[in-house]
Every structure is written in C-alpha cells, then in structure tokens.
Number of protein chains: 2
Amino acid sequence: MSGPETGERQRSFMDLALEEAEKAASRGEVPVGAVVVLGDRVLARNGNRTLELNDPTAHAEVLVLRAACAELGSQRLPDCDLYVTLEPCAMCAGAISFARIRRLYYGAGDEKGGAVDHGTRFFRQPTCHHAPDVYSGIGETRAVALLKTFFQAKR
Amino acid sequence: MSGPETGERQRSFMDLALEEAEKAASRGEVPVGAVVVLGDRVLARNGNRTLELNDPTAHAEVLVLRAACAELGSQRLPDCDLYVTLEPCAMCAGAISFARIRRLYYGAGDEKGGAVDHGTRFFRQPTCHHAPDVYSGIGETRAVALLKTFFQAKR
C-alpha cells in the first residue's frame, strides 16, 4: 500500500511493533507485537505473553489496548491507532471494536486465524458496532519472516 | 432445554452467574455475569467491569477465564465449563475458544452482539480451532429481565 496513511511515520510505528514481536519470539511466545499511538505519542507497546502470563487473552493487541486505556483512564480510544504485526483474530477484532480504535494497521494476513480480511471478517458484520479504518501490508515481509522462523524452529 | 446436561446442578451454577449479573447492575455496569467451574468447584465468578476498570475487554467472560487460568496456572481450561448469563460476543467467543473451554452454558441470546448463535457464529467457522459444546436458555428469563430493567433505566 502507499499514500499519506502508510508513509514513513506509519512504518516507524510498525517497526516498534516488529521489535515487540522479536522480543516475544525471544521469550518463546508466538512473535506478534502491537503498538497503540495517539498523535505522535506511543501509549503502549507489547508482544504476546500468553505463556508467560498463563492468560489465553494476553495477545499483543489486548495487552496494548488495556494499557492504553489505563493510561488515558478511558475504556475508549477513538483518537488512537493500533499497529500490529499480524492480522487480528476474532477476539482481538472484538476488543479493537469495543475500544473504538480509529485506524488499524496490520502487517501480515492470517488465513488460518485472522478475522479482519479472513474468517469472519468481523468489521464488516452487522453485529460489529464500530469498525476502524484498516490498512494492511506494512512491515509484512518482516512479520512473516519472524513467524516462519518461529514455527520452523518449533517443529 | 432439558436433559442431563441442563439439570439442577447446571441451574445452580447459572444462579451464581445471575447473582454476578445483579451485582454488575448495582455497579452501573451492563448486567452480565459469568462463572467457571471445574467439577464441583467454582474457580472464578465475576460480572462486567468495563467501566470500573476502564477496560473494554473486561467482560464477565474474559475476567473469569483469566482468573480461572491464574488459579490453575495454565492458559488452557479443557476440563472446565463456563456459565454466562448472556450469549458471548465475538471477543469473548474467541477467548473461550483459546481457553479450550469444554462446555458453554449461556442464558439469553443476543441478536445484536452475540457471536455464538447469532452474528458470526464463531464456533462454527473454519478459523475457530476449538469449539465448546453449547447449551443455551438456562436462566434466560432472569437474564433478560435484568438486562431490560437496566437499559430501560438508562433511557
């Protein structure tokens, strides 16, 4: 993709998300990272921690949404953008919608578990009451490489 | 519904979930309550706390799944059953699937936001990799009455 919404600024925020994905891999977690941004301010950054926290909901997206909400003292983030290295799953798509995220930037598509442009395509459903603008493909190559390396090493 | 899976025992666990829904209403939260059970042991019980915690993911189901996982020191609950007063949304259905919940008992259906028997019907999708057995309708009348009273008072 190109255009003003996916320029240098967006790539630099996705780079932070990719760093979080790398750190997740080094902890033995599925390498996905996410960042919540308000204007030029990074409100939260984190990677998957489901194993570390014994928490099946501790996907990168859920962790940064919760942290950003705590930071702003609000359960809604209508002026915030979310950057995540992998297409969000059904759980995370639901959380993104409830948090009223403005724009979602994701790296790699996820045919197997994604719920934005695959699977239930949640944001396009009548039971979804807020959908962010979605931009995909930024940082995709690096995000895919991280996941491939991780799952190859697991086998 | 009837049968061995929805007998006295199941109704008494749903009563606990309904108590949690009532407590949620008294806190000004949308009245939904949930309980996680392992055998005869209640591992976790809670109601919605999205306002109190400034956390859009703090639905009753997510809170009890996280608490039960913490209690067992595991991110998976394959021998556990979840009781919830309202049909889970897309986010909670995803969390239930990741937690590998064995049986889901819910009270009232939710045409507007449900994702089990309405909306995306997540558990029936190929991108859902674990589906619980689902039993609906237990405690439905009380669950619906609580929600109606709550939303009427809001208007």
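## Salt bridges between the chains

B:Arg66 and A:Asp55 join their side chains in a salt bridge, with 2.9 Å from N to O (a side-chain nitrogen of Lys or Arg within 4 Å of a carboxyl oxygen of Asp or Glu). The interface of chain B and chain A holds two salt bridges by this rule.

## Basis of the model

This is a predicted model, in which local features need pLDDT of at least 70, side-chain atom pairs count only at pLDDT 80 or more, and totals for chains, interfaces and linings use all residues. Residues are numbered from 1 along each chain as its sequence is written, chains are lettered from A in the order in which they are written, and side-chain values use heavy atoms, with hydrogens and water left out.

The complex has an ipTM of 0.95 and a pTM of 0.96 from the predictor. For chain A the average pLDDT (the predictor's confidence in each residue, from 0 to 100) is 95, and 96% of the residues score at least 70.

## Extent of the interface

In chain B, 31 residues are in contact (heavy atoms within 4.5 Å) with 31 residues of chain A. About 2500 Å² is buried between chain B and chain A, with 67% from carbon and sulfur atoms; buried area is the accessible area (1.4 Å probe) that two parts lose on being put together, summed over both.

## B:Arg9

At 33% relative accessibility, B:Arg9 is partly exposed, because this class lies between buried (under 20% relative accessible area) and exposed (over 50%), with a 1.4 Å probe and protein chains only. Leaving out residues up to four places away in sequence, B:Arg9 touches B:Val37, B:Gly39, B:Asp40 and B:Tyr83.
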